[in-house]
Number of protein chains: 4
Amino acid sequence: MNTSYNVIAGQSVERLAALSDGIFAVAMTLLVLDLRVPAIEAVHSEHDLWRSLLALSPRLLMYMMSFMTLGIFWVGQQTQLNYLARADRSLSWIHIAFLFVVSITPFSTALLAEFPAYRIALVFYWLNILLLGTALYFSWVCATRTGLVKNEMPPDVPAAIKRRIVIGQSLYAFGALLCIFNTYWSIMFIVFVQLNYAIAPRIRRAISR
Amino acid sequence: MNTSYNVIAGQSVERLAALSDGIFAVAMTLLVLDLRVPAIEAVHSEHDLWRSLLALSPRLLMYMMSFMTLGIFWVGQQTQLNYLARADRSLSWIHIAFLFVVSITPFSTALLAEFPAYRIALVFYWLNILLLGTALYFSWVCATRTGLVKNEMPPDVPAAIKRRIVIGQSLYAFGALLCIFNTYWSIMFIVFVQLNYAIAPRIRRAISR
Amino acid sequence: MNTSYNVIAGQSVERLAALSDGIFAVAMTLLVLDLRVPAIEAVHSEHDLWRSLLALSPRLLMYMMSFMTLGIFWVGQQTQLNYLARADRSLSWIHIAFLFVVSITPFSTALLAEFPAYRIALVFYWLNILLLGTALYFSWVCATRTGLVKNEMPPDVPAAIKRRIVIGQSLYAFGALLCIFNTYWSIMFIVFVQLNYAIAPRIRRAISR
Amino acid sequence: MNTSYNVIAGQSVERLAALSDGIFAVAMTLLVLDLRVPAIEAVHSEHDLWRSLLALSPRLLMYMMSFMTLGIFWVGQQTQLNYLARADRSLSWIHIAFLFVVSITPFSTALLAEFPAYRIALVFYWLNILLLGTALYFSWVCATRTGLVKNEMPPDVPAAIKRRIVIGQSLYAFGALLCIFNTYWSIMFIVFVQLNYAIAPRIRRAISR
């Protein structure tokens, strides 16, 4: 009976992108609220202020890490949406689920930053990244199967997008597995993978120039 | 005297959509602020951390529920706006009223999650959903009557949009009525209806494939 | 020397509109953070919950008032931007100043709602509205003088936009003046003017139909 | 192996602009959360309210300063993006780094406003501005070298954009250096430079009219 509605609902890629950008923007700035200026009563010299700022540096690092993680998945989602001619209701809901996980990411990052020696915090963080990757993979499968992609898309793009997610998630899973030995190995490996996604292509290009 | 202004004001569907996406993005991420990382003093073992996270799970569920409710009405509003050629001042104000109720939704959800056994919390939540539906219905009536819709809109779309709202709101009202017996029956029924809107079409399609 | 930069800077109306929508969205939802679910310890019956919610109603009203005020100026700004072919650096800065006042508006509203009997609160609120109107007026003068408006704009639009701001601000100023007698008269008058802007055209049309 | 993905990722200037506008909007309104309405218990007369509001004025000023700083860099980023035909993955990541610094800016401003006599606060603030400028400069170098700019761009634009950043950053650096004598001289000089960017062209034009 309401088939007709399901056919017409959620077709705008632009609106999906705009909602995504809004949620990413809020999620990316959420942890900045934890950076509070030191209380003026506790600071009596340049040295005191320096120490107060140093005490804030773990939070700043955690914030940077959360920003980078979300940046990676923002680029990933954007790449997919750029190739969509239109959306449909199912795809919209996959992305709403994706955005839900996006908004949880600052919490997972803060949890891991607060409890870096705890396996539960690491597994929670990894599950978060796994869900982000799964949602994007599922979204792409849905989009290509239902014919939502643009006609002018080069034929090797779908495989490249899938391969990228699978390789990334394999690396993250391997990193998470390292927590059997030590959670710090896991964290270092995962951060290294993320830095690689964010910075590496630029470095590689700079070298080859 | 100021007729002329009323004629020219509020015509941009794009701006209305952008404001909506912004308010939806903030409203959808508002409850994530209630997810706080457990205090490091209270956690001395993996077991402690696990219990602290379990204690957070009702908030996480409540957040998910709020996200889903807003997702449903975001898709609903988007479907309407996609068919509008332009807006006018009255339509803009109906949507500003709609967005006001959108921004209240996290509060209603949190209220119901905190007091699931209280009829007042349930009625408040239902009134919230009723107002969201009413605003969208009223907006559609206004848009079709004033000729703001696109010419290329298929002729069966207006009826489909109205039917959808009426059926949805009837189900929600029936769910709310169940609180005469037990508020938990109401909640389960309403969540079931919402899950149906979010997930069902995808499942149905997956089965029929 | 840097003339060239000033000529090329800040030309995108779309970006200006997007920043505006973002800031309006955050400002409009800011006061919703003050709506907190009643503490579960204080509530032992439906009656308790009802009273707790009643105790929240002034905040809800205040929030509604802030939302409406910002809605009025969002429609006003949008109407102007719709007629702009492009922006320039000066215009961008007028709107950045406008957005600054927009982001202060929830504070002014909360101040007036907390201290309705105090003239300073009323004058602060009125200054806020005055600055919003002045910025929009100044922006329009700048846009029409510098030739940033679209060619296809009907010739009576500039006067209509200016007239609207002058009439509105005159009414607000008259309302503010009433505080010589009683601040409550001022508040009632100003809220009446605002309701008139938000609802009246729709009612008038409904009657004339 | 994943070259193909790097080629297709992060190409949308529109999405980059939308994420930027979202993050700027949140960052610009962040400090408004520190403006809290005075407690009703502490206010017994118009005079008390006046004093409470005066006590808030440093925060308001600090907020204004943060808003202005971010406004300057928003205009700067927008000017660049307007000339881009498309983005690529490296450029996207430069801008994500830029946005990270943007979101830190309210913190730096608040720090300097709280500790105006401390050199560390001043150097922190200056480093913030330096990083913003460096990111924009690096982004422009990357965009022009990789051929991401629009073909119809006037030939003197690239030099104008670079010159602007270099001149601005030189002035800021000179201002920061003044802290050898006195941090207040630095602050006054920097605020003067910023006011010059925000207001001056309009004044100059008004005079030459």
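**View 1. Two salt bridges cross the interface of chain C and chain D.** The model shown here and in the other views is predicted. One of the salt bridges joins Asp34(C) to Arg36(D), with the closest N and O atoms 3.2 Å apart. Eight residue pairs, both members at pLDDT 80 or more, are in polar contact between chain C and chain D. On the side of chain C that touches chain D, at least two residues come from each of the helices α1 (3–8), α2 (13–30), α4 (89–114) and α5 (119–145) of chain C. The helix that gives the most to this side is α4(C), with 13 residues. By residue type, the side of chain C that touches chain D has 27 nonpolar, 10 polar and seven charged residues.

**View 2. Chain C and chain D bury about 4300 Å² between them.** Carbon and sulfur atoms account for 68% of that area. In chain C, the residues that lose the most area to chain D are Tyr5(C), Arg15(C) and Trp93(C), and together they make up 19% of what that side buries. The contact involves 44 residues of chain C and 53 residues of chain D.

**View 3. A rotation of 90° superposes chain C on chain D.** The shift along the rotation axis is 0.0 Å, and the RMSD is 0.0 Å. The two copies are therefore related as by a four-fold rotation axis. Which residue of chain C comes closest to the rotation axis? That residue is Gly22(C), whose C-alpha atom is 4.1 Å from the axis. Only 5% of the interface residues of chain C are also interface residues in chain D, so the copies meet through different surfaces.

**View 4. Chain B and chain C are joined by a contact of 44 residues from chain B and 53 residues from chain C.** The area buried between chain B and chain C is about 4300 Å², and 68% of this comes from carbon and sulfur atoms. Tyr5(B), Arg15(B) and Trp93(B) are the residues of chain B that lose the most area to chain C, together 19% of what that side buries. Two salt bridges are counted between chain B and chain C. In one of them, the side chains of Asp34(B) and Arg36(C) meet at 3.2 Å, N to O. Eight residue pairs, both at pLDDT 80 or more, are in polar contact across the interface of chain B and chain C. Helices α1 (3–8), α2 (13–30), α4 (89–114) and α5 (119–145) of chain B each provide at least two residues of the side that touches chain C. The largest share of that side, 13 residues, belongs to α4(B). The side of chain B that touches chain C contains 27 nonpolar, 10 polar and seven charged residues.

**View 5. Chain A and chain C are not joined by any contact.** The closest C-alpha atoms of chain A and chain C lie 8 Å apart. Chain B and chain D do not touch either, and their nearest C-alpha atoms are 8 Å apart.

**View 6. Ser139(D) lies in helix α5 (residues 119–145) of chain D.** Is Ser139(D) buried or exposed? Ser139(D) has a relative accessible area of 1%, so this residue is buried; the cut-off for buried is under 20%. The side chain of Ser139(D) makes a polar contact with the side chain of Gln80(D), at 2.7 Å. Apart from neighbours within four places in sequence, Ser139(D) is in contact with Gln80(D), Leu91(D), Ile94(D) and His95(D).

Definitions and conventions: Residues numbered from 1 in each chain as written. Chains lettered and ligands numbered in written order. Predicted model: local features only at pLDDT ≥ 70, side-chain atom pairs only at ≥ 80, totals over all residues. Heavy atoms only, no water. Helix = DSSP H or I, 4+ residues; strand = E, 2+ residues; numbered from the N terminus. Buried < 20%, exposed > 50% of the residue type's maximum accessible area, 1.4 Å probe, protein only. Polar contact = N/O pair within 3.5 Å; in protein donor to acceptor, adjacent residues only side chain to side chain. Contact = heavy atoms within 4.5 Å. Buried area = accessible area lost by both parts, 1.4 Å probe. Salt bridge = Lys/Arg side-chain N within 4 Å of Asp/Glu carboxyl O. Nonpolar A, V, L, I, M, F, W, Y, C, P; charged D, E, K, R; others polar. Least-squares fit on C-alpha atoms with pLDDT ≥ 70 in both.
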